[in-house]
Amino acid sequence: METTTSSSVSDFDTNPNSNSNSSSSPHTSNSTAFGVNLSPLRVFRYPLSTFLEYSGLLRVRPENPETDLLLPDNPAPNSSESTTSSNGEVSIRIIGSGENDRVRTDDGSVMDGGEREEERGSNVEGSTSSGSGNNRDSSYQRYDIQQVARWIEQFLPFSLLLLVVFIRQHLQGFFVVIWITAFMFRSNDILRKQTALKGERKITVLLGYFLVFMLHISGIYWWNHKDDIFYPLLMVPPKGIPPFWHAIFIILVNDTMVRQAAMTFKLVLLMVYKNGRGHNFRRQGQLLTLVEYMLLLYRALLPTPVWYRFFLNKDYGSLFSSLITGLYLTFKLTSIVEKVRSFLTALKALSIKEIHYGSHATPEQVNAAGDLCAICQEKMNTPILLCCKHIFCEDCVSEWFERERTCPLCRALVRPADLRSFGDGSTSLLFQLF
């Protein structure tokens, strides 16, 4: 016979200071959020740790960091608390003498008292060990993150001081690089807008931009004429072995100024093809693409003389310097081959006079299509019949295929996946450092 008695246990607070804590004001200070003290002094002294604690990745650190290791993450529960269940109830089961030794399980088998106690003990021990192992691992991970955060906080002020000193030592170089980069980005936007204007472009505006670009290039090279930046333009190594940061400066200035010169030449093309319609627009796009790929090839070769002189340093030993220089030239050759192929493909596309995405439409085909371009919604001007049998104006569909490869109406693949087109007048803005 079994008798089960369940009694409710009232909740109690084991902390003797619970009354004083409960009587405190529920409203916290404005400088505290989620238990993290966001005072200016703490943020200034421990910026990374404060951020990690505020985001919940770390537990809140006490004001004295040395006492952090003395506080366990999961304190052992009291013996009185271990006897109570999570819902605050205690269950007492009275088993008769006949059932003390043998108990029938759910599946019908009989288990004696010793086996039952052994199985129960093993289950409790396994769950306790797995829980303590997970808590220990998470505690170690949080401790590692805290140590890394504290190390970074100690190293960060000194790193900022070194950065300030480095900028001060190369202040002129930083100013020149930032100026020419900003000027190049602005010039690229101007060139794209002038290309999109087509027949509305004005020669006086293009000529004004041309003169400004030329003066800018001349002024930059005159300002840095003592830095030996002219020799790499002719594929000639510098006279002396340049320091690392000086080599970077020479490459950045030449790479940016060469792109600026290419933009100046593109302005000349826009003056020549001022009409910008039909056949002229397509030819203009092909020439702009050819100029860009020729520029990419030249820019790939431009850093080679500088790094050749930098790596070929006899102070490191003849064998070591020769080996490093040979490896660099080998790696450079693989990228040069790809640039040469792209340039030859762009040159071949310029020599082909036929339209590779369609053919000129006959008057009968234009009348059957309604003599109305679906792009500009105007009468057909030099109509082009695509392979999908749709007809558009040549200048409209040429501009469309500068960005897309499908038909504007049926989305059928019309233009093959060839080289990227730079017919919109854009220039690659990525730096070629190596």
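Predicted model: local features only at pLDDT ≥ 70, side-chain atom pairs only at ≥ 80, totals over all residues.
Q: Why are α10 and α11 called roughly antiparallel to each other?
A: Helix α10 (residues 304-311) and helix α11 (residues 318-351) pack at an angle of about 160° with their axes 9 Å apart, and since angles over 145 degrees count as roughly antiparallel, the two helices are therefore roughly antiparallel to each other. The crossing of α10 and α11 is right-handed.

Q: Which residues of α10 and α11 meet, and how do they divide into nonpolar, polar and charged?
A: From α10, Thr 304, Trp 307, Tyr 308 and Phe 311 meet Ser 321, Ile 324, Thr 325, Tyr 328, Leu 329 and Lys 332 of α11, where contact means heavy atoms within 4.5 Å. The residues of this contact comprise six nonpolar, three polar and one charged.

Q: What makes β7 and β9 the edge strands of their sheet?
A: The open sheet has three strands in the order β7-β8-β9, with antiparallel pairing, and β7 (358-360) and β9 (391-393) each pair on one side only. From one strand to the next, the twist averages 35°.

Q: How do you know that β7 and β8 pair?
A: Pairing requires at least two bridges between two strands, and β7 and strand β8 (residues 383-386) are joined over three bridges in the antiparallel sense. Gly 358 stands opposite Leu 386 in β8.

Q: What is the helix content of residues 203-224, which UniProt places as a "transmembrane region"?
A: The span, annotated in an unreviewed UniProt entry, is 95% helix and 0% strand, and its end C-alpha atoms lie 32 Å apart.

Conventions:
Residues numbered from 1 in each chain as written. Heavy atoms only, no water. UniProt positions renumbered as here; feature names shortened; annotations may be inferred. Helix = DSSP H or I, 4+ residues; strand = E, 2+ residues; numbered from the N terminus. Axes fitted to C-alpha atoms, helices over the stretch in contact; angles between N-to-C directions. Parallel < 35°, antiparallel > 145°, perpendicular 65-115°, else oblique. Left-handed = near helix turned anticlockwise from the far one by under 90°. Nonpolar A, V, L, I, M, F, W, Y, C, P; charged D, E, K, R; others polar.
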